Amino acid sequence: MSLTSCSIQFAKRTDRVVHMSSALVKALQLTGSNSLTLKLGSKTATVALRTMKKTGKHMVLPSTIKNQLLVPRSGNITVMSNGPKEVQIGPLIGILTNASSASVVQPFGVRSSLLKQYLRAGSRTSFYFAFLPNDINWQDETVLGYFPTPEGWVRKVVPIPDSVYNRLANRKVDRSMSMEHLKERFVRRGTSIFNWSFFDKSDVYKLLEDEKEANKHVPESHTNPSPDRIKEMLEKHRFVYLKPTAGSLGIGIYRLTYHPKRGYFARFRRQGKNVLFRFNHINGLYKLINAHSRMRSYVVQQGIRLVELDSCPIDFRFHLNKNAHNQWVVAGIGAKKAGKGSVTTHVKNGGMIMMPENVLERVFGTKAETILQDAKHAAIKIAEAIERSSRHTLGELGLDIGIDQNERIWMFEANSKPGRSIFKHPLLKAQGNASLLYIYEHLSYLAKFRVRRET
């Protein structure tokens, strides 16, 4: 296998002859080949090969072959030889998403600008596009893809891609039977896809049950807790968190506290405000919770005394990605400081993003760098453990990590489709760009366009 880049151009000819420069023929190790199979995604074409005199690496396709393969544009692209008789153009990569309030200018509604950020990372060296579930034509093995250009979005019919990044934003849609069948259909025809679907909180705890090294970082957690279980956890830990298993953004979370002499306390967010209730007896606490929630869809989790700044708890969002060599790396870390009286550290609940190095130095002094490296090591081990236990391909994770006052590292939640709010911090912009590049590189890896590891 040989991998290189070249400039691809189109010629208004109706023959089936592909011309390559001598430098490209040599780079792809095609010397002596007179014919070959040319591939793009799910489409193939048998062509004659001719060498042309032109400096640099160039390929010229007649319109016959361009139309057969549905090559979406000319210009720089990656090419790969699979032996002396087959050349693949690409990679052809799709981002599967959904849209609301779509328009010509914003085909994916408010998510259009975010998708442009994703696509910008690989558009110059691949055919990188976004698409909706209804854009797939399984019979023709094609997709109506959206490509960003300086003039706006352009729609082009392309083959079924080599790999797909699942960014369906609606949890219910993503886990529906129709979407499960769609994703399975991709896999059956050889298209790699990540990340398969949203995690529920209980999913993650189950995945880590048998992973001893990773599970030591998970607080005691129980799904579908009974009143007796909640009471037991409160008496054991003094405070717990009650979280919806399918929740996000801190919505629906309760912080429950037990003081033997003062009673039971419930802190949560209601109508945009942080509220606190006190009860003399636990029955009052049960009535409040049951009035707002259904415990069968909740997790009760041991509360951890996190490190604090200005009497406000701090936790950390670790954004992890798979790289071009199929390894987990920490792409970015944001420290999240809780707002006054808030149950969580989410920015929408009054929290703020800070640089982790600054926070840890203020809390731990000279130990800060060692603790940060320990947390990175733990995050990667947790990601590897989740991946080992998962049935589907993973390539990105957001881990909510806490560090307690004894320097112990905890993992509260793992998100298979993490948000990117930490990268809005000006000093985390470079880490955000690195994360987008990792996503593209790993999609290229899954498409089998793999760079050689340097020795």
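Tutor: Buried means under 20% relative accessible area, exposed means over 50%, and partly exposed lies in between. Keep those cut-offs in mind, and also that this is a predicted model.

A pair of aromatic rings is described by the distance of the centres and the angle of the planes. A search of the whole structure finds 15 aromatic pairs. One of them joins Phe131 and Phe186, whose ring centres are 6.2 Å apart and whose planes stand at 70°, an edge-to-face arrangement. The relative accessible area of Phe131 is 0%, so Phe131 is buried. Phe186 is buried too, also with a value of 0%.

A second pair is made by Phe277 and Phe279. Their centres are 6.4 Å apart and their planes meet at 10°, so this pair is stacked. Stacked requires planes under 30 degrees apart, whereas edge-to-face requires over 60. Phe277 has 27% relative accessibility and therefore counts as partly exposed. Phe279, at 16%, falls under the 20% cut-off and so counts as buried.

Now back to Phe131 and Phe186. Both belong to one aromatic cluster, together with Phe129, Trp138 and Phe147.

Strand E19 is part of an open sheet of six strands, in the order E15-E20-E16-E17-E18-E19, with antiparallel pairing. Strands of a sheet pair through backbone hydrogen bonds, either parallel or antiparallel. From one strand to the next, the twist averages 20°. The neighbour of E19 is E18, residues 263–270, and the two pair in the antiparallel sense over seven bridges. Within that pairing, Arg267 has Leu276 of E19 as its bridge partner.

Two further rings have a charged side chain over the face. Lys66 lies over Phe10, at 5.3 Å from the ring centre. Arg255 lies over the face of Phe239, and there the distance to the ring centre is 4.2 Å.

How values were computed:
Residues are numbered from 1 along each chain as its sequence is written. This is a predicted model: local features need pLDDT of at least 70, side-chain atom pairs count only at pLDDT 80 or more; totals for chains, interfaces and linings use all residues. Side-chain values use heavy atoms; hydrogens and water are left out. Two strands pair if DSSP finds at least two bridges between them. Helices (H or I, at least four residues) and strands (E, at least two) are DSSP runs, numbered from the N terminus. Axes are lines fitted to C-alpha atoms, for helices over the stretch in contact, and angles run from 0 to 180 degrees between N-to-C directions. Rings of Phe, Tyr and Trp (its six-membered ring) pair if their centres lie within 6.5 Å; planes under 30 degrees apart count as stacked, over 60 as edge-to-face and the rest as tilted. Buried means under 20% relative accessible area, exposed over 50%, partly exposed in between (1.4 Å probe, protein chains only). A charge sits over a ring if NZ of Lys or CZ of Arg is within 6 Å of the ring centre and within 35 degrees of the ring normal.
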